[in-house]
Amino acid sequence: MAKKAKFILHWLNNSRANRILWALEILGLDYEVKVYLRDKSYRAPKTLYEVDGSGKSPILEVIFEDGSKPLKLTESGLILQYLLWNYDPGHVLYPENEDEQRQVNYYLHFSEGTLQPLLVSLLINSLAPRMSPFGFKSITRLITKEINNGYYLTELKLCLKNLENHLKEKESCYFVGESLTGADVILSFPLFENLFDNEERVQNMMGEKINLYKQFPNLGAWAKAVRSNPLYIRINEMMEEKTLQQEKAGSKV
């Protein structure tokens, strides 16, 4: 068990920070959330760059009670790994079984190293035609469609098929074991927030309207379990309120 600490989460709207907040809440840790809102160009505000030069979120500061040098962690996979390895003595999100621990560790890397890059590439390609100069929009749309169909969509569908088969074979709506783990938390952003809870984005990225719940019923059951999780509901309601407060405060400046 690591030293007692307080955590400061630097949270940016429309970022990957929600799942870190969810983990902090599940583990019952002492935390504070600092809210940052994107500007009109969809960039992070200067105040977030002052915390870390990357301007990315999540950023988690670890303030130790004994006065030890604080930690500043970036990258979702590393942050979750640190929390699971050091602040989950009751094995709430990190199983006690070593084989299941390896499975959770796998999904921490799979989510950020395999699945998320595909989604980012598809998102950029879906925006490219709109951002192209006048006269180039049609050709850009044709080029990005060929790239997507030739690689990104093929790889994404393969990932979803493999995840679907995994859940089907283990007859559980959770990726590791029989209850929620860090695997489900890390996958909540790419799978739930970006796909199963974002029909418009799916249509824009895939170029057609697809019912993911019908096409991937086991993943759909997992998505419903995430959506109905009481603590997931709680942190989303909390951040909606904090975001609204920040927007109101900003409009008065």
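Reply: At 31% relative accessibility, His91 counts as partly exposed, because that class covers values between the 20% limit for buried and the 50% limit for exposed. The model is a predicted one. His91 sits in the loop that runs between H3 and H4. Its phi is near 55°, a positive value in a residue other than glycine.

UniProt lists "domain: GST N-terminal", from an unreviewed entry, at residues 4-91. Residues 97-250 are 82% helix and 0% strand, with 48 Å between the end C-alpha atoms.

Helix H3 covers residues 76-86, and its axis comes within 11 Å of the axis of helix H6, residues 182-196, at a crossing angle of roughly 160°. H3 is therefore roughly antiparallel to H6, since angles over 145 degrees are counted that way. The crossing of H3 and H6 is right-handed. On the H3 side the contact is made by Ser76, Gly77, Leu80 and Leu84, and on the H6 side by Gly182, Val185 and Ile186. Sorted by class, this contact of H3 with H6 has 4 nonpolar and 3 polar residues, and no charged ones.

Helix H4, residues 98-131, pairs with H5: the two axes come within 9 Å and cross at roughly 155°. H4 is thus roughly antiparallel to H5. The crossing of H4 and H5 is left-handed. By class, the contact of H4 with H5 has 16 nonpolar, 7 polar and 4 charged residues.

Within helix H5, which covers residues 137-170, lies Asn148. Asn148 is buried, its relative accessible area being 8%. Leaving out residues up to four places away in sequence, Asn148 touches Leu122, Asn125, Leu153, Thr154 and Met205.

The loop between H5 and H6 holds Glu171. Glu171 also has a positive phi, of about 50°, although it is not a glycine. With a relative accessible area of 71%, Glu171 is exposed, because the limit for that class is 50%.

Two residues further along the chain can be set beside these. Asn229 belongs to the loop between helix H9 (217-227) and helix H10 (230-251). At 19% relative accessibility Asn229 counts as buried, since the limit is 20%. Apart from neighbours within four places in sequence, Asn229 is in contact with Trp22 and Leu180. Asn229 and Leu180 are 49 residues apart in sequence, and their C-alpha atoms are 9.6 Å apart in space. Ala221 is found in helix H9 and is partly exposed, with a relative accessible area of 35%. Between the C-alpha atoms of Ala221 and Ser179, 42 residues apart along the chain, the separation is 13 Å.

One more loop has a backbone feature to look for. Ser57 and Pro58 are joined by a cis peptide bond, with omega about 15°. Pro58 is in the loop between helix H2 (46-51) and strand S3 (59-64).

Note on methods:
Residues numbered from 1 in each chain as written. Predicted model: local features only at pLDDT ≥ 70, side-chain atom pairs only at ≥ 80, totals over all residues. Heavy atoms only, no water. Helix = DSSP H or I, 4+ residues; strand = E, 2+ residues; numbered from the N terminus. Axes fitted to C-alpha atoms, helices over the stretch in contact; angles between N-to-C directions. Parallel < 35°, antiparallel > 145°, perpendicular 65-115°, else oblique. Left-handed = near helix turned anticlockwise from the far one by under 90°. Contact = heavy atoms within 4.5 Å. Nonpolar A, V, L, I, M, F, W, Y, C, P; charged D, E, K, R; others polar. UniProt positions renumbered as here; feature names shortened; annotations may be inferred. Buried < 20%, exposed > 50% of the residue type's maximum accessible area, 1.4 Å probe, protein only.
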